[in-house]
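Here is a protein to look at together. Turn the model around for a moment before reading on.

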Amino acid sequence: PVQPVEGVPRADLARLHGDAGHRFGNFPAYYDFHSVGDRLDLITADMAMSWMDGFEGAFTILDVGSNSGTLTNALHRKFVEAAKELETQGRSRACSVRTLGVELDPALVDRARAEYGPAVAFQAADASNLVRFGEVKQHFFAELSNAGANCDWEPHAAVCSQRFDLITCFSTTMWVHVNRGDAGFHEFLTNLARSSERLIIEPQPWRCYRLASARLRRQGRPPIKFLDDMIASRSDKSIEDLVLKTVNGEMLTRASDSDGGSKVAVKCTVLSDAAGSWKRKVFMFKRG
């Protein structure tokens with residue numbers, strides 16, 4: 001029987017495993033074919049240390065679309081090692097690194113929990129469902145606040161506002177886009193931007209949309225709701241522009257609202273320009 005996931009229609013859940021990842025991206029053997037290092041190497045140890053330099057409290061990470069947890073765990077371990085090095089140098093009093101992986105597929109979450117829990121937390125949830133995402137986030141930060149009561153640090157501003165210090169979203173945006181449409185995709189990106197201090201996004205290029213459509217047709221599977229209508233009229237640039245405009249706009253708006261109306265720049269860095277070993281563009285956004 002299909003395990004229930006709050007906020008996900010039962011008809012969609014029934015296709016989670018029947019379509020073997022071709023509808024929602026929950027490929028059961030994803031990391032057998034995609035090296036963790038391709039993404040993990042984009043975040044160097046020096047970068048991780050600089051983000052936590054002088055930090056006090058828990059550094060919080062959310063990985064959206066965590067699959068079986070392999071990359072999520074590796075990301076967590078990288079930041080734990082960076083925190084230890086900073087403490088050795090007397091540059092940080094980080095009580096812990098707290099990491100949460102969110103994945104639509106309960107079977108993948110079970111695998112992740114069995115292999116990497118409880119050091120890393122995993123939750124079955126549809127991150128594009130704003131209500132459900134809010135519940136997961138609220139629960140995470142409530143547990144973090146309870147844990148903080150046993151440490152000698154005060155919650156920092158991001159924790160108090162329920163914003164993660166880092167959100168990563170690798171190879172997930174297309175599946176939200178084709179199942180939720182432009183409006184749902186915009187809401188999803190806005191919510192990630194609203195919930196993060198630093199946001200790393202790897203939007204799938206347009207060729208991935210075309211390949212996803214072709215695979216479904218070749219296998220005789222039903223089409224995805226919005227996918228075929230998108231194929232004829234989009235491009236890599238249109239996807240990138242939507243991501244950049246939405247995230248930059250949301251982070252700028254929120255920063256302005258909290259700073260008496262003054263404008264605070266949003267810093268956007270291209271971590272990968274698709275010219276290196278990993279043939280994808282990866283963007284990092286940071287509140288100014």
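Which residues form one aromatic cluster with Trp51? Phe59 and Phe79 do. Rings of Phe, Tyr and Trp (its six-membered ring) pair if their centres lie within 6.5 Å; planes under 30 degrees apart count as stacked, over 60 as edge-to-face and the rest as tilted.

A quick word on ground rules: this is a predicted model, where local features need pLDDT of at least 70 and side-chain atom pairs count only at pLDDT 80 or more, while totals for chains, interfaces and linings use all residues. Residues are numbered from 1 along each chain as its sequence is written, and side-chain values use heavy atoms, with hydrogens and water left out.

Back to the rings. The count comes to eight aromatic pairs. One of them joins Tyr30 and Tyr31 edge-to-face, with 5.1 Å centre to centre and 90 degrees between the planes. Both Tyr30 and Tyr31 are buried (under 20% relative accessible area; exposed is over 50%, partly exposed in between, with a 1.4 Å probe and protein chains only).

Now zoom out. The protein chain has 12 helices and seven strands; these are DSSP runs numbered from the N terminus, with H or I and at least four residues for helices, E and at least two for strands. Of the 288 residues, 51% are buried. The accessible surface comes to about 13,200 Å², and carbon and sulfur atoms own 51% of that surface (Shrake-Rupley method, 1.4 Å probe; for residues, only the protein chains shown count as cover).

Two helix pairs are worth a look. Axes are lines fitted to C-alpha atoms, for helices over the stretch in contact, and angles run from 0 to 180 degrees between N-to-C directions.

| Helix pair | Angle | Axis distance |
|---|---|---|
| α4 (residues 45-52) and α5 (residues 70-88) | about 60 degrees | 9 Å |
| α9 (residues 173-194) and α10 (residues 206-218) | about 60 degrees | 11 Å |

Last stop, the cysteines. The structure holds zero disulfides (cysteine sulfur atoms within 2.5 Å). Is Cys169 buried or exposed? Cys169 counts as buried because its relative accessibility is 0%. Cys268, with a relative accessible area of 35%, is partly exposed.
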